[in-house]
Amino acid sequence: MEPQAPTTVVGIDLGTTNSLAATIRNGRPEVFRDSTGIALVPSCLSFHPDGTVLVGTAAKERALLDPTHTIFSVKRLMGRTLADLQGELKHIPQQIVEREVQPGRKVLRVRVDDKEYTPEELSAMILQEVRKRAGNPTKAVITVPAYFDDAQRQATRDAGRIAGLDVLRIVNEPTAAALAYGLDKADAGTIAVYDLGGGTFDCSILSLADGVFKVLSTNGDTYLGGDDFDRAIMDIVSNELKLVPDAELLQHLREAAERAKMALSTADSTELVIDLPQRKIAYRRTFTRTEFESLIAPHIDRSLAKCQAALRDAKLKPSDIAEVVLVGGSTRIPYVRQRVEAFFGRKPHTDLNPDEVVALGAAVQADILTSGRRDRLLLDVIPLSLGIETLGGVVDKVIDRNSTVPCQATTRYTTFVDNQTAITINIYQGERELTQDCRLLGQFKLGGIPPMPAQMAQVDVTFRVDANGMLRVQAKEQRSGQQAIIEVKASHGLSQDEVERLVLESVDHAHADFSARRFIEYKNKADADLRHTAKALDQAGAELTPEQRARIDAATATLKAAMAGTDADDLHRAVDAFGAATLPLAELLMNAAAKKLLRGQHDDAIES
Ligand code: AMP
């Protein structure tokens, strides 16, 4: 056999519970295994007083002996703030702190003894271990849950860099899974990927046509997975033990609960045993599969509601789905398989190991990127709409939620006051109509606009989202050619719950938002009309008849009263009435302008 060339490019599944790498060998994706045949590297770290850090299985084994120096589920912390994590902290034995590194920019740190680490650094240690097992490749595609926002993707990319990897692409896990099954080659139509891992759940709807692979919609919950099932069992046990578990007992409970859960994937019942003579704990209890299923049913219901939401976003019904792919260790649970099959009305793909399928697909993607093959294109979607603030705190959406990336859109804006030489562009992410309900992603100023009357400048604002979901905004004033560009990097990400809340709220508030937006838009128009009219009255007011002048004054008073109110319909009527009352003035001005123009042409003619 020929010696294997060293691998330079890999696909990495950086999981909440486990991580692993794969590469293409002899045209097929293969995972890297250790000498005992194990591919999964537990995403677990253990810190020792002498400064040594254990990663993977060795770290997991120390968890029981030394829980306060063992770290799990770093992925949950990536790109997050402390506020995002409330409710979770009781399940994390380490101390999580937040440090303000720049005004307004907070960074999470995990405290171990007297040292602090960022989630990116911790993830990098896991990546380094995975990298070592794969023979030290230099380039990688790393996968993330489809619902990861900008900050979480950026944090993952940074972790890769810290681990010494050139991160070629951040890819959605379900996209990778569908690739691993080669569904892109089968032109399979519409695919649902149901990914239930240890810590996160995702449902993605993908479409395949003519070899082009597109994510139509994604929905999910970064706080739903096998850990919840373990916790449901742990809660019962700790109640029955009548003990508030400390860090050490918590680890024992976690291990025993996970063992029982896994056993129930193949057996009808299992015995959960906790035997700690030194702490006088001798506990034994039988769990049946039926009892376990009733414990996890609410979680599975929640996951299927997310599938329903993803289908709704893609404007599809379950029966429109041609293929269902299962991903994540928790899809080994027979009850999960039954429920997913019943929901979509078809048997899911389960041939590949659900723990390995994402890494295998990431390897396929890495190969596509580095081999220069353009026969398969991968497209993803943006999770929340992107837009800019226009007058009065209204968000004008430039790119809609679930648009396929890479994408680009341009909207033209103008100046609002005469001789305005700069405009500030505020970039927002969210589904609601008003800035106060969306998230400010970035801000920049376009200066150097030559002085000109209001509404004359033409500022084209272009949003460009690249294949990794990174946003770049450019503003260009067309008459002067002045331009400014910003690369948007969120200072911290939205929490999963926040994303969902924003999407739900946008539906709940759609009506109120719509009328608030209409009111602001009419108010902006009224402001501009009043200003232009004041200027016109200065120029040509003397030529109006007393009746015409009185009508304009009355319409002005009504308009100002409507502007002070809140009713968009009232204001609309007042704006229209004001337009009608000022018509004679506009005609006078137009006549004057036409006369001037004619005179100008005549003068030119004389001069020439
Ligand atoms: P992942 O995040 O995809 O690595 O999935 C890990 C999760 O799958 C953990 O919560 C495991 O406890 C769970 N898991 C792995 N194997 C099984 C099994 N046979 N039955 C039930 N859950 C499992």
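Which of the 15 residues around the ligand come nearest?

1. Gly198, Glu258, Lys261, Ser265 and Gly329 come nearest among the 15 residues around the ligand, where a residue counts as near if one of its heavy atoms lies within 4 Å. The model is predicted, so local features need pLDDT of at least 70 and side-chain atom pairs count only at pLDDT 80 or more, while totals for chains, interfaces and linings use all residues. Residues are numbered from 1 along each chain as its sequence is written, and side-chain values use heavy atoms, with hydrogens and water left out.

2. The shell around the ligand is made up of two nonpolar, nine polar and four charged residues; here Ala, Val, Leu, Ile, Met, Phe, Trp, Tyr, Cys and Pro count as nonpolar, Asp, Glu, Lys and Arg as charged, and the others, Gly among them, as polar. At least three residues of this shell come from each of domain 1 (9-225 + 296-380) and domain 2 (226-295), with bounds taken from an automatic or database domain assignment.

3. Nitrogen atoms of the ligand are involved in two of the pairs listed here: one lies 2.6 Å from a polar side-chain atom of Ser265, and one is 3.1 Å from an N or O atom in the side chain of Arg332. A polar backbone atom of Ser330, in turn, is 3.2 Å from an oxygen atom of the ligand.

4. Asp113 has a positive phi of about 50°, and Lys315 has a positive phi near 60°.

Terms used:
A polar contact is a pair of N or O atoms within 3.5 Å; within protein, one must be able to donate a hydrogen and the other to accept it, and residues adjacent in sequence count only if both atoms are side-chain atoms.
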